[in-house]
Amino acid sequence: MKADYKNWMPRGLIYGNAGVSSVFLAVGLLCRKKKESRALRLLSSLSFVGAGVGLLSSAYLLMLYRIFSYNGKRKLAKHIIDGVASRIKLPTGGKGLDVGCGSGALTIAAAKRNPEASFVGVDRWGQEYASFSQKLCEDNARAEGVKNVRFLRADARELPFPNESFDLVTSNYVYHNIPGDRQALLRESLRVLKKGGRFVIHDIFYPSAYGDMQAFLKSLQDEGYAEVRLIPTADGLFVKKCEARWMMIADSALLMGIK
């Protein structure tokens, strides 16, 4: 049995985009054949433009799919997961939480590096990533021979754990996908972290989504958090600068610290 961590770029999105492009192309060709009126000629032109934009978009999404694939040459998703996991260290008996675990990749990678600790991976496994599921995570853990993990369905906006339940909280490319106050999402994850516990959270910290992160870091420091820092990862650490720009993940960074 081999682990299957799927792909961060859903194939359904690629197929759907290509399908819409095909519809635009068909409408354009049909209107071109029946160009008796100015309106039909205009509709034909607009449809061809839509088809062209759609095809370019599909090519872009397909390129991302190949770059992120665990089976491709670049294996960027694996490289990022390994980079985050390398910064996760727990003592014997420690408990870690992975928020938005998806296919279980980070949870399992962290558990393999910390065999004397245990990890919980949570996700709501929505329709956006229909190929991800709790069963997939459990199957991947078995395939990797990892037993110090378990997976639960939960919402990052309201985690089903008491305050100070974990020695470490981690996450990878999750919070920017959730509508609402992202700083509040971070606060909810930090709520379940024990005093003295560490957090290692990797995300795309768009200013438009997160607001003033420097002010957020300052607020944590004022509350007694230690070693709080935001480490850019799209400057060559995890992703090459040139890649990060065209993949629109140039604001990727690790939020790290101690509660």
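Me: What makes up the lining of the second largest pocket, by residue class?
Reply: The lining residues split into 14 nonpolar, four polar and 11 charged. Those classes follow from residue type, because Ala, Val, Leu, Ile, Met, Phe, Trp, Tyr, Cys and Pro count as nonpolar, Asp, Glu, Lys and Arg as charged, and the others, Gly among them, as polar. Bear in mind that this is a predicted model, where local features need pLDDT of at least 70 and side-chain atom pairs pLDDT 80 or more, while totals for chains, interfaces and linings use all residues. Side-chain values use heavy atoms, without hydrogens and water, and numbering starts from 1 along each chain as its sequence is written.

Me: Which residues lie nearest the centre of the second largest pocket?
Reply: Ala3, Asp4, Tyr5, Lys6 and Tyr70, out of 29 lining residues. They count as lining because each has an atom within 4 Å of a pocket point; a pocket is an open set of points on a 1 Å grid over the protein atoms alone, where a 1.4 Å probe fits, with protein on both sides within 12 Å along at least five of seven lines.

Me: Which element gives the largest share of that lining?
Reply: Helix 4, with five residues. Helices here are DSSP runs of H or I, at least four residues long, and strands are E runs of at least two, numbered from the N terminus.

Me: What is the volume of the largest pocket?
Reply: About 1100 Å³, as the space filled by probe spheres set on grid points joined across faces, edges and corners. Its lining divides into 28 nonpolar, seven polar and six charged residues.
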